[in-house]
Amino acid sequence: DVQFVAESELLDAINRYEAQSGSVIIMNPRNGDILAMASYPSFDPNTYFNIEDEDLLNNPAISEQFEPGSIFKIIVMAAALETGTITPDWGYNDLGTIDVGGITIRNWDRRSYGYVNATQVLVNSLNVGMATISTSMGTTNFYTMLDKFGIGRPTGIDLEGEQAGTLYAPGDENWSESQLGTNSFGQGVALTPLQMI
């Protein structure tokens, strides 16, 4: 029943928004069990040997990477709370910009918000707030916590073709200090839909 709902809702959304592709994963948050997984476009397994486009055989829910953007902020916020970098009543004065590793990070709407707390950082999706938090965590705590969340490596699901995602960390030739800021709001990191859920 859950798989049927996932496939039906996905097809409805594909048609409603005239999308070319999409994935739905339903997970039990208490134990991580995957209850349903659906992707579009799909194929009929009864006609497996007649499929002309081999790309349809890939499962994008475990193999396609995307840059998560602001949905990644909740992971970084949880990491900052877990390490004690911030507390639930933490706050800062948002000036609308912060320099990290030689680049200027701005809020998505180019506004400054004045004094805000941790909840307001998430509610208003403040890039500057997240970069402030990640720089306060420091590179070691920040990337250690992302590793503990499994970012940049396969989940180990028992399905063929799972990709690891992409996360550059200090010591990698493609990492730069600015990524401590940009990774905090989901840029410069790539995940599969399964990793994100």
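User: Where does Glu18 lie?
Analyst: Glu18 is in the loop between helix H1 (2–17) and strand E1 (22–27). Helices (H or I, at least four residues) and strands (E, at least two) are DSSP runs, numbered from the N terminus. Before we go on: this is a predicted model, where local features need pLDDT of at least 70 and side-chain atom pairs count only at pLDDT 80 or more, while totals for chains, interfaces and linings use all residues. Residues are numbered from 1 along each chain as its sequence is written, and side-chain values use heavy atoms, with hydrogens and water left out.

User: Fine. What's the phi of Glu18?
Analyst: Positive, about 50°, although Glu18 is not a glycine.

User: And is Glu18 buried or exposed?
Analyst: Exposed, because its relative accessible area is 72%. The cut-offs are under 20% for buried, over 50% for exposed, and partly exposed in between (1.4 Å probe, protein chains only).

User: New topic, peptide bonds. Which one is cis?
Analyst: The bond from Tyr40 to Pro41 is cis, with omega near 5°. Pro41 sits in the loop between E2 and H2.

User: OK, salt bridges. How many are there?
Analyst: The count comes to 3, taking a side-chain nitrogen of Lys or Arg within 4 Å of a carboxyl oxygen of Asp or Glu.

User: Which residue does Arg16 pair with?
Analyst: Asp12, with the closest N and O atoms 2.2 Å apart. Both lie in helix H1, 4 residues apart, about one turn of the helix. Arg16 is partly exposed at 47% relative accessibility, and Asp12 is partly exposed at 36%.

User: What about Arg153?
Analyst: Arg153 bridges to Asp147, where the closest N and O atoms are 2.8 Å apart. Arg153 is partly exposed at 36%, as is Asp147 at 41%.

User: And Arg111?
Analyst: Arg111 forms a salt bridge with Asp109, the closest N and O atoms being 3.8 Å apart. Arg111 has 47% relative accessibility, so it counts as partly exposed.

User: Last one, the inside. How many residues does the largest nonpolar core have?
Analyst: It has 34 residues, and those with the most contacts inside it are Phe72, Val121, Ile133, Leu146 and Ile151. Helix H3 (73–83), strand E4 (97–100), helix H4 (118–123) and helix H5 (127–148) each supply at least two residues of this core. A core here is a set of buried Ala, Val, Leu, Ile, Met, Phe, Trp, Tyr and Cys residues joined through side-chain atoms within 4.5 Å.

User: Which element gives the largest share of that core?
Analyst: H5, with 9 residues.
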